[in-house]
Amino acid sequence: MEITRIYALLGRAGSALQRDLKPAMDRPVREALVAAGFLTARKDKAANNALRLELTEAGWNWARKNLGAPSSLPGGAGVILHDWMAALARYMAASGVPLIDILCPRPATDPQPEPPPPAAPLGFEQVYAAAFALGGGQAHVRVRLKDLRRALPDASREQLDGVLRQAADEGRIVLYPLDDPRGRSAEDDAASISLGGMPAHILYLN
């Protein structure tokens with residue numbers, strides 16, 4: 001078997017136009033490889049019907065088993081090619097990496113980012129601790145909801161509103177509006193919670 005011609009195709013990832021191969025693959029060698037099932041030959045319409053040669057799976061397997069076989073290249077070139085192919089065969093035997101993966105590597109893909117962990121449920125203890133700190137360590141101190149929302153940036157509005165409503169129903173906090181428009185800002189209004197159709201802007205801890 002003419003291993004040098006197989007090497008020429010291996011260097012082109014197993015597929016090349018016949019006219020591009022060096023050393024040239026003459027007709028007897030080509031037909032012998034096709035008859036052995038190691039090669040396919042077809043006209044490539046994209047290359048003006050030039051003959052395209054491709055290694056088959058059997059051809060890849062034969063090449064893998066015969067890496068390091070003597071080459072017909074003359075002189076030192078044949079020796080160098082033989083030594084390189086023998087070294088490649090040793091690497092494959094040690095690593096278990098298939099020949100096709102070395103000569104036809106797949107493009108690297110970016111790892112998919114890990115999905116963010118689910119948000120921890122918000123409990124009244126967290127809300128109480130944040131409000132207590134905003135009140136200077138005192139319970140019966142007015143705390144604006146806009147400040148509370150800032151103090152709990154990871155809590156969604158839906159989560160915090162749910163905790164506040166339940167705590168108000170249970171009497172653990174009292175929610176009040178800021179009736180004087182001069183004493184509240186647009187941020188106060190945006191942070192308010194609706195209770196019975198009326199906005200509440202501040203809370204007291206009981």
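Where is the place of Asp 44? Select Asp 44 and you'll land in strand β2.

Before going on, note that you have a predicted model open, where local features need pLDDT of at least 70, side-chain atom pairs count only at pLDDT 80 or more, and totals for chains, interfaces and linings use all residues. Residues are numbered from 1 along each chain as its sequence is written, and side-chain values use heavy atoms, with hydrogens and water left out.

**Stop 1**

Asp 44 counts as buried because its relative accessibility is 10%. Here buried means under 20% relative accessible area, exposed means over 50%, and partly exposed is in between (1.4 Å probe, protein chains only). Show the neighbours of Asp 44: leaving aside residues up to four places away in sequence, Asp 44 touches Leu 17, Asn 49, Ala 50 and Arg 52. A contact is a case of heavy atoms within 4.5 Å.

Now colour β2 (residues 39-44) and β3 (50-55). Helices (H or I, at least four residues) and strands (E, at least two) are DSSP runs, numbered from the N terminus. β2 and β3 run antiparallel, joined by 6 bridges; two strands pair if DSSP finds at least two bridges between them. Pick out Leu 39, whose bridge partner in β3 is Leu 55, then Lys 43, whose partner there is Leu 51. In the hairpin of these two strands, 5 residues sit between them, and Asn 48 takes a positive phi near 55°.

Ser 15 has Glu 54 of β3 as its bridge partner.

**Stop 2: helix α3**

Which residues of helix α3 are buried? Select residues 57-65 and look for Gly 59, Trp 60, Trp 62 and Ala 63. These four are on the same side of α3 because they cover an arc of only 165° around the axis; the arc is that of the directions from the helix axis to the C-beta atoms. Turn to the other side of α3 and you'll find Glu 57 and Lys 65 exposed.

What do the buried residues of α3 pack against? Show α1 (3-10), β3 and α5 (99-103). The axes of α1 and α3 come within 11 Å and cross at roughly 115°. That makes α1 roughly perpendicular to α3, a label for angles of 65 to 115 degrees, whereas those under 35 count as roughly parallel, over 145 as roughly antiparallel and the rest as oblique. Axes are lines fitted to C-alpha atoms, for helices over the stretch in contact, with angles from 0 to 180 degrees between N-to-C directions. To see the contact, show Ile 3, Ile 6 and Leu 10 of α1 with Trp 60, Trp 62 and Ala 63 of α3.

**Stop 3: another sheet**

Move on to an open sheet of 3 strands, in the order β4-β8-β5 with antiparallel pairing. Its edge strands, β4 (143-144) and β5 (173-176), each pair on one side only. Between β5 and β8 (residues 202-205) there are 4 bridges, and Val 174 has Tyr 204 of β8 as its bridge partner.

Finish with two helices. α6 (residues 124-134) packs on the sheet, touching β4, β5 and β8, at about 100° to the direction of β8. α8 (residues 157-169) lies across β5 and β8, running at about 110° to β5.
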